[in-house]
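Work through the exercises below with the sequence and the structure at hand, and try each task before reading its solution.

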Amino acid sequence: MAKSKKSKIILSIVIVVLAAVIGFTAYYIFGVCGIVEKRTYRQSDAVNQNISTGRTVIDDTVTYQTMNGFGASGCWWSQDIGKWENRDEILSYLYDSEKGIGLNIYRYNLGAGSKNDNHIIAENRRTECFLQADGSYDFSADKDAQNCLKTAKRLAGNDLRVTLFCNSPPVSLTENTAAYSSADKDENAPWVSNIDASNYDEFADFCYNSADYFLSEGYRVTNVSPINEPQYMWRAWFNDDGSYSAKQEGCYYSKTDSAAVYNAMVDKFAGSKVDESGCKVSMFESGAIEGEGTTCASYIDCILGRGVKYVLKNKKLRNYFDTIGMHSYWSSSKTKQEAAQYLSDKYSQYDIACTEYCQMANDQNTGVYDLISKEENGTSGLTIDYGVAMAKVIVDDLTILNAKEWDWWTACSYDTYPDGLIYLNPDNHKDIQTSKRLWCLGNFSKFIEEGATRIACSSGDDSLASCAFVNKDNSTVVVYVNNTDADKKTALESAAPYSVYTTSADCDLEKTLSGNAGEINVSVPAMSVVTVVMK
């Protein structure tokens with residue numbers, strides 16, 4: 001009896017040890033758990049202890065993300081502006097580093113081919129497509145949008161970063177030959193993707209061939225993004241008269257659909273000449289920044305997760321991607337902190353790019369929701385309140401998420417809606433209005449260059465947001481955002497000549513102070529964004 005009991009104990013021990021060996025081997029082979037070292041950022045005691053001092057403390061020994069830069073998209077204006085006689089003037093506000101705000105990223109929309117689809121209610125949201133119905137390519141299509149890209153490159157220089165992004169696959173590849181999901185009388189009908197898995201490879205060919213074309217034209221194409229905000233329905237709706245309408249091109253993908261599309265894309269791009277040119281497939285472009293237990297997290301887990309459920313399906317994706325794309329809509333500072341914690345816990349080895357944002361009227365996290373709500377007929381949001389609110393979102397994304405890229409949505413707009421940096425008049429091309437958002441974005445984009453590294457910084461005032469960067473030429477840039485009704489001051493020690501640039505109700509990125517090395521008494525007026533550049 002004692003011998004039998006001893007044998008059972010030995011057998012149990014052997015089973016436990018064997019299970020542990022098998023488990024460890026599986027983890028090692030498939031990379032299910034903590035074999036990849038977690039990336040952590042060192043803290044600066046000097047910065048963390050700088051509370052209510054009225055002095056700015058910078059610690060350049062504590063570093064964070066390295067920047068791609070700042071940009072905006074060519075939706076939905078470039079196909080019009082490309083044929084305007086004053087195209088250069090308009091683009092110079094965006095991409096000229098002297099006359100404008102010096103953006104270095106251009107997001108070019110790879111249209112799905114909805115040009116003749118009258119169901120899309122706004123004509124300028126209907127696009128041309130390079131892929132034709134017979135499977136051939138016509139890269140002379142979308143010539144006016146290409147004109148805008150060409151102008152941006154001439155203004156910004158050959159180092160302009162270009163991202164090609166799709167709102168929908170080409171209509172020749174979709175299930176309903178439209179650039180959106182079909183309307184359904186049952187509002188609770190299941191959401192379905194508008195592209196069948198049998199067309200994933202052709203979709204990958206389209207993205208690849210488009211990238212190859214623009215590269216051959218001399219553009220520095222750094223990214224191709226095939227999927228935009230996949231967690232949304234993008235479905236047309238029925239009107240009272242039985243007709244149907246759609247807002248724009250868009251395509252829903254389930255999280256497993258998304259992973260399958262990305263697998264097709266990676267198969268096409270990885271190791272190719274396009275890949276060798278420095279162009280990668282971008283991942284996700286989530287419609288919101290969210291943390292553990294959210295829709296956003298479930299997509300990331302399916303695409304990159306190291307758990308048993310996905311380990312055999314997505315190892316290729318985990319090894320290929322290095323950045324997660326997110327849009328800054330619907331996200332408060334608290335939500336972003338939750339997202340940052342989730343990403344740090346599970347995906348710290350991946351960088352974050354914030355690739356789209358505007359101040360949507362129904363987003364309560366914009367900082368101007370109350371202002372928008374008071375406007376019965378809508379608003380373009382041209383005033384400094386809107387610019388400063390956007391700047392605070394940028395600082396949050398750069399400091400909470402360590403975002404290495406920040407892009408506004410549509411650079412130019414015609415509508416009474418706070419989605420543009422510049423507002424244009426189709427009936428009078430000389431009627432150009434610049435929003436304060438444009439100039440506030442310039443407080444970042446004009447001075448923080450590609451390759452800049454964020455460093456630890458504190459303004460010494462909890463109500464004065466700040467961030468700091470060191471450019472590759474060793475110049476230091478500090479940006480302050482005062483989103484209060486009170487003037488602020490902070491002292492900053494400079495070891496080099498400095499210049500101060502202010503955007504406020506009265507200033508559009510104007511140089512308001514300069515001097516030699518020494519202490520700078522930085523004035524940050526109420527509702528303003530101020531940049532200090534130390535050369």
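The exercises that follow concern the nonpolar cores and the aromatic rings of this predicted model.

**Exercise 1.** Find which residues of the largest nonpolar core touch the most other members, and list what F269 is in contact with beyond its neighbours within four places in sequence.

Solution. Begin with the largest nonpolar core, which holds 125 residues, and where F269, I300, F321, I324 and F444 touch the most other members. Next take F269 and leave aside its neighbours within four places in sequence; its contacts are then A204, C207, Y208, A211, V224, V274, D275, C279, V281 and Y320. Finally, note a second, separate core of 16 residues, with I455, L464, I520 and V530 among them.

**Exercise 2.** Classify the aromatic pair formed by Y342 and Y347, then the pair formed by Y347 and Y350, and decide whether Y347 and Y350 are buried or exposed.

Solution. A pair of aromatic rings is described by the distance of the centres and the angle of the planes. For Y342 and Y347 the centres are 5.7 Å apart and the planes 70 degrees apart; because an angle over 60 counts as edge-to-face, this pair is edge-to-face. For Y347 and Y350 the values are 6.3 Å and 55 degrees, and the pair is tilted. Y347 has a relative accessible area of 3%, so Y347 is buried, and Y350, at 6%, is buried as well.

**Exercise 3.** Locate the rings over which K185 and K268 lie.

Solution. K185 lies over the face of F238, 6.0 Å from the ring centre, while the charged end of K268 sits over the ring of Y208, at 5.1 Å from its centre.

Methods: Residues numbered from 1 in each chain as written. Predicted model: local features only at pLDDT ≥ 70, side-chain atom pairs only at ≥ 80, totals over all residues. Heavy atoms only, no water. Core = buried A, V, L, I, M, F, W, Y, C linked by side-chain atoms within 4.5 Å. Buried < 20%, exposed > 50% of the residue type's maximum accessible area, 1.4 Å probe, protein only. Contact = heavy atoms within 4.5 Å. Phe/Tyr/Trp six-rings, centres within 6.5 Å; stacked < 30°, edge-to-face > 60°. Lys NZ or Arg CZ within 6 Å of the ring centre and 35° of its normal.
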